[in-house]
Amino acid sequence: TGGTSGIGRAIALRLLEEGVSHLTVASELPSPPDWEPFEQAEAQVFYVKCDTGTEDEPGALIEEANGLMGGIDGMIHCAGVYLEGDPGNRTPLQLWEASVNIKARGGYLLANAFAERANEGASFVGITSINADQSEPDHLAYDSACAALSGAMRSFAVQHAPRLRFNALAPGLIRTRITEEVSDDAALHTHAVSNIPMGRMGSPEDCTGAAVFLLSDDASYITGITLYVDGGISANQMSKPD
């Protein structure tokens, strides 16, 4: 899910490089130029429209995926929104509900249906954030959504082991549409990078290797964990003074 932009798109393209047939899922149709690499791929790729913030569509997505692919071996749930940066006329509760429904409730519904339909040995990866464990101002809804999905992955892992695996992948500060305010503002960018031991913001491609690893048989003894791809932010207490 969330497969037409940002980290989700990067993972989908990496799956193509690995020759993995899959469904790319998003709530809006991709533009023709964005979809062109998928059409040219040797692997079989379908586009499916799904709003993970609804109650019925996540389960229907799993049913459709199972039918189109003849079985399910893995899933990556990457859909999510950061609405507090542009709240519009929404109340705090509306912001919270929209954020949690798309990321966390959607992930819960997808994982439930996945557990019923997926092949033995299948792997589910929930893309959360380091904000599941660390917080920052103006992120009440976003942080809650990520924390809830991370906890759900741990619980699903225990519930469905050893038949299935569930893990979370927690990116740090990655260049996507959500983080444009940081990457486009020189002062904000300098401040942010000063707190990243690796000395730069991450790219969506930095997350793809970890995601593919958690899907693969190389991670067959790994379940219920959160894998951080954050350039060392979570290990860093504070930035050095100038």
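Reader: Leaving aside neighbours within four places in sequence, which residues is Ala118 in contact with?
Author: Please keep in mind that this is a predicted model. Leaving aside the neighbours within four places in sequence, Ala118 is in contact with Ile72, Arg163 and Leu164.

Reader: Where is Ala118 placed, and is Ala118 buried or exposed?
Author: Ala118 lies in the loop between H4 and S4. With a relative accessible area of 7%, Ala118 is buried.

Reader: How many Å apart in space are Ala118 and Glu18?
Author: Their C-alpha atoms are 21 Å apart, and the two residues are 100 residues apart in sequence.

Reader: Let us turn to the helices. At what angle do H4 and H5 pack?
Author: Helix H4, residues 92-117, packs against helix H5, residues 140-160, at an angle of about 15°. The axes of H4 and H5 are 8 Å apart. That angle makes H4 roughly parallel to H5.

Reader: Why does that count as roughly parallel?
Author: The angle between H4 and H5 is about 15°, and angles under 35 degrees count as roughly parallel.

Reader: Is the crossing of H4 and H5 left-handed or right-handed?
Author: The crossing of these two helices is right-handed.

Reader: Which residues in H4 and H5 meet?
Author: On the H4 side, they include Leu95, Trp96, Ser99, Val100 and Lys103. On the H5 side, they include Leu140, Ala141, Tyr142, Met153 and Phe156. By class, the contact of H4 with H5 has 16 nonpolar, five polar and one charged residues.

Reader: A new topic: how many disulfides does the count come to?
Author: The count comes to zero disulfides. For Cys50, the nearest cysteine sulfur is that of Cys78, 14 Å away. For Cys207, the nearest cysteine sulfur is also that of Cys78, 8.1 Å away.

Reader: Why do those distances rule out a disulfide?
Author: A disulfide needs a pair of cysteine sulfur atoms within 2.5 Å. The sulfur of Cys78 is 14 Å from that of Cys50 and 8.1 Å from that of Cys207.

Reader: Are Cys50 and Cys207 buried or exposed?
Author: Cys50 is buried, with a relative accessible area of 4%. Cys207 is buried as well, with a relative accessible area of 1%.

Reader: Finally, the backbone. Which residues does a cis peptide bond join?
Author: A cis peptide bond joins Ala161 and Pro162, with omega about 0°. Pro162 is found in the loop between H5 and strand S5, residues 165-171. In general, most peptide bonds are trans.

Reader: What is the phi of Asp138?
Author: Phi of Asp138 is near 60°, a positive value in a residue other than glycine. Asp138 is in the loop between strand S4 (123-127) and H5, and Asp138 is exposed, with a relative accessible area of 58%.

How values were computed: Residues numbered from 1 in each chain as written. Predicted model: local features only at pLDDT ≥ 70, side-chain atom pairs only at ≥ 80, totals over all residues. Heavy atoms only, no water. Axes fitted to C-alpha atoms, helices over the stretch in contact; angles between N-to-C directions. Helix = DSSP H or I, 4+ residues; strand = E, 2+ residues; numbered from the N terminus. Parallel < 35°, antiparallel > 145°, perpendicular 65-115°, else oblique. Left-handed = near helix turned anticlockwise from the far one by under 90°. Contact = heavy atoms within 4.5 Å. Nonpolar A, V, L, I, M, F, W, Y, C, P; charged D, E, K, R; others polar. Buried < 20%, exposed > 50% of the residue type's maximum accessible area, 1.4 Å probe, protein only.
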